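Keep the viewer open as you read.

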Amino acid sequence: MTVKTMPNRQQPARIQALSGVGLVLGTLFFAASLTPTLIPRTALTQGVLAGLCFAAGYSIGLFLHWLWVYLELPEPSARSRRRGNALIIALCLAVAVFVLWQSTGWQNSIRSTMEMAPISGLHPIKICLVALPTFAILFALGRLFRFLVRFFATHMRRLVPPKIAYTGGVAIAILIFWLLASNVLVRAGFNTFEASFRQYDALLEPERAQPIDAMKTGSAASLINWGELGRAGREFIAAGPDAIAITAHTGRPALEPIRVYAGLRSGETAAARARLALEELKRQDAFERSVLVVVTPTGTGWVDPAALDAVEYLHEGDIASVAMQYSYLSSPLSLLVQPDYGAEAARALFTEIYAYWTALPKDHRPKLYLHGLSLGARNSERSAGLFEMISDPINGAVWSGPPFGSTLWRSITNRRNSDSPAWLPEFHDGSLVRFMNQHGSTLAPQSPWGPIRVVYLQYASDAITFFEPESWYRRPAWMQQPRGPDVSSTFRWYPIVTMLQLTLDMALSDATPMGYGHVYAPGHYVDAWVAVTGVDNWTADELSQLKTYLSNQAQTAMESDDRKEDAYANRGG
């Protein structure tokens, strides 16, 4: 009899040990995590998110139960808890099955908005296969945390009252977890990432041959060594259109666009690299061109070819651009590890260029513009001081996909006209700043500009731009109706969960089709540069043909890059 009854005694004990409140909140968080947000999710990423959200909800439930006991409020009997938990488990399973069944349709609502192929088949089952071990790992970490709290609290009770001992145990456990996460895991991860990016940056691609033309950066006559440009710098110099390609498309005579780039290995300090970049510009007679663009790259030093190719074609090669690398890390990692370094480097480059530019006669110097994508937009914003330019301002800027922490962008968005949406604001009369998305600006092209023209190019589906830390407790303004054209109509706000969803969306925002998320399309850059640089010698048909041509080129390049990454992975890289 004893052998037969043991399992029956253990099972109620396990059910009783579960937190009913935790199960309810965990299931609600799990269900909310499956709903669509800005970026489509694969079964893997959705499963990780679902497991994380269930763990978060369950943890909050445990805390609420602990608080109830701490306040010495009455609790139900053990028998009632067993029955209640059994009913809760059944209801939670039913809810989980229902939302998993709905999850495919929810994800397809985003994919159809972005013109992506729908998903089908075993998507819900794959989510479960990932969510369960994710929750199990987090649950085990939670048990480890509780063990540390009790361990230290037990030893401290010999010296202090129980409640103080328990508080001290919690503090010590938090400190241990924090130190392990920050000093061991995070630092080791960052060091690994940096070493990996550094090695990747140093690779010389076979198709990136050193320029022969003496008037090219990195050539034998250049002040900047080809091997010191870095991978992103060599791509920037070698991949742009030449005069022949521009003429072939436009049918009009073109100049060879000037591109200057200073890699991290080009100088010991940002100031030294900035001076070197200026001297290289002067060597190539860049200040004799009609347009000069100071580019702040992303964290790794990458410059979006869609942006620069567009403006070079529009100005038929009568243009120079300069960029300077400030990190080996990707933008998110650089933002975490070196939050101010990129701004310092952007400031150093702008100061050198602006000081020389303002010393030139106004009628014998190029128009000066700024550009940056993502973290580059944030740092480009911070490179130029408004008050120092009052007497001699630059001509404008195109900033695409500005991160949510961009100070100037945030200030303008918050002070937008009250009848304009947060995802495409209107600021005063639009003579200084305009916002554009896939469908251009809300203002007519003929609307008058002031002396400085600034365009923010942003998509409503770009989580890097529209993430809000406060979304854990309040609905973001950009979720109000009407919504952006690339945002699912089934997107709903949920406390805490939405913030976790948007955090994952930021990590996935480069995995969207071109023209959505954080992948900015050449055609939209064409519209932005036309507005900012005042291009008026292109007909509507010619602009349409240019957009199609650049989009086809960009799509071909993306497919080629995908094939390279697959080949690299197959080699074990």
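E280 and R283 sit 3 residues apart in helix α9 (residues 270–283), about one turn of the helix. In this predicted model, their side chains meet in a salt bridge, with N and O 2.9 Å apart. R283 counts as partly exposed because its relative accessibility is 22%, and the cut-off for buried is under 20%.

You will find S219 in the loop between α6 (162–202) and α7 (230–239). With a relative accessibility of 4%, S219 counts as buried. A polar atom of the S219 side chain lies 3.4 Å from the backbone oxygen of D213.

Back to charges: side chains of opposite charge can pair when their charged atoms come close. The model has 11 salt bridges in total. One of them joins D505 to R41, with the closest N and O atoms 3.9 Å apart. This pair links distant parts of the chain, 464 residues apart: D505 is in helix α16 (residues 497–508), while R41 is in the loop between α2 (20–33) and α3. Both D505 and R41 are buried. Another salt bridge connects E312 and R259 at 2.8 Å, N to O. E312 and R259 are both buried. Elsewhere, R252, E316 and E542 are linked in a network of salt bridges.

Now for an arginine without such a partner. R434, in strand β6 (residues 433–436), is buried yet has no salt bridge. The nearest side chain of opposite charge is D429, 7.4 Å away. What does the R434 side chain reach instead? A polar atom of the side chain lies 2.6 Å from the backbone oxygen of G430, and the side chain reaches the backbone oxygen of P448 at 3.1 Å. Beyond its sequence neighbours within four places, R434 has contacts including L443, W449 and Y456.

Finally, turn to the surface. A nonpolar patch there includes V21, F63, W68 and Y166, and its residues together have about 970 Å² of accessible area. Helix α3 (residues 43–70) gives the most, with 7 residues. W68 lies in that helix, and is partly exposed at 41% relative accessible area.

Key
Residues are numbered from 1 along each chain as its sequence is written. This is a predicted model: local features need pLDDT of at least 70, side-chain atom pairs count only at pLDDT 80 or more; totals for chains, interfaces and linings use all residues. Side-chain values use heavy atoms; hydrogens and water are left out. Helices (H or I, at least four residues) and strands (E, at least two) are DSSP runs, numbered from the N terminus. Buried means under 20% relative accessible area, exposed over 50%, partly exposed in between (1.4 Å probe, protein chains only). A polar contact is a pair of N or O atoms within 3.5 Å; within protein, one must be able to donate a hydrogen and the other to accept it, and residues adjacent in sequence count only if both atoms are side-chain atoms. Lys and Arg count as positive and Asp and Glu as negative; His and the chain ends are not counted. A salt bridge is a side-chain nitrogen of Lys or Arg within 4 Å of a carboxyl oxygen of Asp or Glu. Contact means heavy atoms within 4.5 Å. Patches are made of residues with over 30% relative accessible area and no salt bridge: like charges are joined within 9 Å, nonpolar side chains (Val, Leu, Ile, Met, Phe, Trp, Tyr) within 5 Å. Accessible areas come from the Shrake-Rupley method with a 1.4 Å probe; for residues, only the protein chains shown count as cover.
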